[in-house]
Amino acid sequence: MDVPLPHLDRPFDYLVPEALDADARPGVRVKVRFAGQLVDGWLLERAESSEHPKLAYLEKVVSPVPVLSPEVARLARAVADRYAGSLADVLRLAVPPRHARAEKAVTTDTPPTDEPAPGGTEPDGSPADGTEPDRSPADGTAPADGTAPGGVPSEAADAGARPGGRAEVDPRGWRDYPAGPALLRALTDGRPARAVWSALPGEDWADRYADAVAATVAGGRGAVVVVADARDLDRLDAALTAVLGAGRHVRLAAADGPARRYRAFLTARTGGVDVVIGTRAAMFAPVRRLGLVAIWDDGDDLHAEPRAPYPHARDVLLTRAQLGDIAAVVGGYARTAEAQLLVETGWAREVVADRAVVRARTPAMAPTGDDPQLARDPGAASARLPSLAWTTARDALRADLPVLVQVPRRGYVPSVACADCRAPARCPHCAGPLALPSAQGTPACRWCGRVAAVYACPECGGRRLRASVTGARRTAEELGRAFPGVPVRTSGREEVLATVPGGAGLVIATPGAEPVAEGGYGAVLLLDSWALLTRADLRAGEEALRRWMAAAALARPGTAGGRVVVVADGALAPVQALLRWDSAWFAARELAERRELGFPPAVRMASVTGAAEAVADLLAGARLPGDAEVLGPVPADEGRERMLVRVPRSRAAAMAEALHAAAGQRSARKAADPVRLQVDPLTLF
């Protein structure tokens, strides 16, 4: 039943009246009576009898279309168990709300069928979290069938014959990666290859994913690909249309609107297409004969669902691959610690280019904070735009090449301080940070929106303000004055540019909104690195490297004049990984440090947030594993507190079950204060 109460997280038996017998098929939406109310629900299974002696009747079949497939139902149950959540909450994420007009527009003459994917397996009780090796010997050697650990064929098996009647997929785009062509052959053969792909700078990742999807389709199976945002989705949509042709795939994204999203969902559910791409809304897409799940840039926080039970798209797809014996590809310019764990445990094989190819494709990179630069420019340590960055931009513009400038903060001046004592300027009404909307604008609060026309510093009484953080629009204004006559464009949340034409020009962009330039950028400047590196976040270094590499990948190779300047100390580990274009080294370092300190993904950690009494009540009723550690409490938002529960990865299922059961006990008692449960949250502090 669609009831968000943990103690009701189980199936209920109802009698099916004869009038509804034809429409009451597994997977349809229904309405039932429960506790005197008419509630929504899902019909999971039909049975001849029940162990309960007295049953109520099914009230209504909302629609005869079985929108919930058995495969997605099993996946939803596994995801709910992994995240200490309820099946009803996961099904709300998995199946979009019904849109009657869109449902009528989709042809359903051939009702959906639910044959299992070739080679599919049932859950066997093993951890469905991407930590177990997949049919690989314990010593990590290649199995007898010629596949390497993780299912990607070894080079020794490359000469194997293709099954008759299957179209060959051109592997040229993957030849820069030694294991790339073998990966495509495994997908065509229907083998469950598992790969962690580190893309080269300048790589058209959408084309590579289109090749992988085409290989899967050539083998008679379907694919699901998840990206972070609409811009990436548009790019992948165009690449797949070019490779597969129009009408061979659908896109599934919440931003497309309820009608279009439901129409795309039903098209996939009824077998109209074999390929679904989308944002995190597509991670549960009902593709028949599923052979590949893939995700691009898994470190992007947009992949984390903000609604209960807060699943991450990467983990949902890996769970899906584990349950269904399906191939999986985790790709990105940078590598996360979670992806590195897949490689180190043998669950996946890394697909990377040789170092010679990396050096040939990488732009020339330089930091501004190392000793040689400081010797030439002593002001580089404090300057926002050191002389190296300025001359690099000038040289690229003189060569008639575009320049990309990445700025972490949007807006004009998002934070101001007293010009006399440097104390942060705060709103006198709500204590929120004051910001300047423009050069002639009046300071206004970023929280409540009130204007502080006459500001007086409460520390020293000063009335003058200075910028403490400079945003993208202010940067564009300053660089426009520094390079008169050069076109200046901005790309951010207010307006995202997809591409920019070739020729001299400045592009000021916030992370994630960098447009692609024709032929690549002549120079990429990474400013305000301190704003990314000094965040109070476990993933600060990883996130900074991910954003830098995404921008640097848009530059031309060094042999073609491409240069990247990062305004940071070259001795820092994230900067070193950027300069060498070696995110795998940094991910391995991060994972090792988290193992030593006991942080995810080396361990499993759950966050319990709520009123102090409610958190204590839930943890007191939870039968946690004996090796569980309870950390805290620490202050959370709005007067609440947070406790952390940490267990080894092998005890993750027991921890989630204990917390879910304790939440069920509280909901059965009708406890007043809610408690928020999150397993492996992105933000721990």
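## Overall make-up

Helices (H or I, at least four residues) and strands (E, at least two) are taken here as DSSP runs, numbered from the N terminus. By that definition, the protein chain has 19 helices and 26 strands. The model is predicted, so local features need pLDDT of at least 70 and side-chain atom pairs count only at pLDDT 80 or more, whereas totals for chains, interfaces and linings use all residues. Residues are numbered from 1 along each chain as its sequence is written, and side-chain values use heavy atoms, with hydrogens and water left out.

Of the 685 residues of the protein chain, 53% count as buried, where buried means under 20% relative accessible area, exposed means over 50%, and partly exposed lies in between (1.4 Å probe, protein chains only). The protein chain exposes about 29,600 Å², of which carbon and sulfur atoms supply 51%; accessible areas come from the Shrake-Rupley method with a 1.4 Å probe, and for residues only the protein chains shown count as cover. Among contacts (heavy atoms within 4.5 Å) in the protein chain with a separation of 6 or more, residues 24 or more positions apart account for 73%.

Two strands are said to pair if DSSP finds at least two bridges between them.

## The six-stranded sheet

Another open sheet has six strands in the order β11-β22-β21-β12-β19-β17, with parallel pairing. Its edges are formed by β11 (364-367) and β17 (488-491), each of which has a single partner strand, so one side of each is left without a neighbour in the sheet. Neighbouring strands here are turned by 15 degrees against each other on average, direction ignored.

Strands β12 (residues 402-406) and β19 (residues 505-509) run parallel and are joined by five bridges, and Val 403 stands opposite Leu 506 in β19. Helix α13 (residues 472-482) packs on the sheet, touching β12, β17 and β19, with its direction at about 160 degrees to that of β19. Helix α16 (residues 573-580) also packs on the sheet, touching β11, β21 (523-526) and β22 (563-566), and its direction makes about 160 degrees with that of β11.

## Helix α1 and its cover

The expected span of a helix is 1.5 Å times one less than its number of residues. The 13 residues of helix α1 (residues 70-82) should therefore span 18 Å, which agrees with the 18 Å between its end C-alpha atoms. Buried residues in α1 include Val 72, Leu 75, Val 79 and Arg 82, and what covers the buried residues of this helix includes α2 (87-94), α8 (313-324), β23 (603-610), α19 (652-668) and β26 (675-679). α1 is followed by Ala 84, whose phi is positive, near 55 degrees.

## An exposed loop residue

Glu 638 lies in the loop between β24 (629-635) and β25 (641-648) and is exposed, with a relative accessible area of 74%. The C-alpha atoms of Glu 638 and Gly 610 are separated by 9.4 Å, although these residues are 28 residues apart along the chain.

Technical notes
Axes are lines fitted to C-alpha atoms, for helices over the stretch in contact, and angles run from 0 to 180 degrees between N-to-C directions.
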